[in-house]
Amino acid sequence: MPQQRFHSAGKDNATTVRDRSAALEGAGDVTLVSPSLDDGRHVWRLARAAGLDVNSPYAYVLWCRDFAATSVVAHDDSGVLRGFVTGYTRPDQPDTYFLWQVAVDPGFRGRRLARRMLDHVGGRLPSLGIRYLEATVTADNAASRALFASFARTHGADLAWTPLFERAHFPDDTGEPHEPEELVRIGPLS
């Protein structure tokens, strides 16, 4: 897909985005925070309930320890995990954040929770020296494509889609063939 450029409404737009995100973080339905070790098992369960490619429970516990600064979890008012975003800074490109997974509890869909979590993480990235956000998305995942396009527009950043993982890159003995995934790259972020 061709590269797209989204322009912001000027320098005040960044403040408006931050203010809007801050207001949503305190919204009554969820609280957004960095994950803790205790969140690991719940992140694993939610990944499974949301229909994601599920990693081992150990991987999610480790993720909540080692990548807490670049991830976020959403807890409802009773403390139940309702969403998460996991991601990391690419070791060979320290100015690039790779978003690994986004999950929203099926009962919390339609509340813009994925976008709120992405804005929460995105708000931290510039202070970490990160200028670009990357993720991979299958061609049929319209919700994720719309999420990233909206994020790029809001941040006045370029959005580029390029092929990355082909079906042949994944094992073929899993019972179901894995769909190819395109890389989305958004930036520079400010």
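1. Pro 188 sits in the segment after strand S8 (181-187), where helices (H or I, at least four residues) and strands (E, at least two) are DSSP runs numbered from the N terminus. A cis peptide bond joins Gly 187 and Pro 188, with omega about 0 degrees.

2. A word on the basis of these notes. This is a predicted model, in which local features need pLDDT of at least 70 and side-chain atom pairs count only at pLDDT 80 or more, while totals for chains, interfaces and linings use all residues. Residues are numbered from 1 along each chain as its sequence is written, and side-chain values use heavy atoms, with hydrogens and water left out.

3. Now the overall fold. The chain holds five helices and eight strands, and their order along the sequence is β-α-β-α-α-β-β-β-α-β-α-β-β. Of its 190 residues, 44% are buried (buried means under 20% relative accessible area, exposed over 50%, partly exposed in between, with a 1.4 Å probe and protein chains only). Among contacts (heavy atoms within 4.5 Å) with a separation of 6 or more, 66% are between residues 24 or more positions apart.

4. Next, the pair Leu 46 and Asp 105. Leu 46 belongs to helix H2 (residues 40-49), whereas Asp 105 lies in the loop between strand S5 (93-104) and helix H4 (113-124). Although they are 59 residues apart along the chain, their C-alpha atoms are separated by 6.5 Å. Leu 46 counts as buried because its relative accessibility is 6%; Asp 105 also counts as buried, at 15%. Leaving aside neighbours within four places in sequence, Asp 105 is in contact with Leu 46, Leu 81 and Arg 82. With that exclusion, the contacts of Leu 46 include Leu 81, Arg 82, Phe 84 and Asp 105.

5. Arg 112 counts as exposed, because its relative accessibility is 51%.

6. The buried residues include Arg 115, Arg 116, Asp 119 and Arg 124.

7. For helix H5 (residues 142-154), 13 residues should span 18 Å, and its end C-alpha atoms are 18 Å apart, which agrees. Among its buried residues are Arg 145, Phe 148, Phe 151 and Thr 154. Just after H5, Gly 156 takes a positive phi of about 60 degrees.

8. Finally, the largest pocket, with a volume of about 1400 Å³. Its lining has 40 residues, with Gly 51, Leu 52, Asp 53, Gln 101 and Asn 141 nearest its centre. On a 1 Å grid over the protein atoms alone, a pocket is an open set of points where a 1.4 Å probe fits, with protein on both sides within 12 Å along at least five of seven lines, and lining residues have an atom within 4 Å of a point. S5 gives the most to this lining, with seven residues.

Methods: The expected span of a helix is 1.5 Å times one less than its number of residues. Grid points are joined across faces, edges and corners, and a volume is the space filled by probe spheres set on the points.
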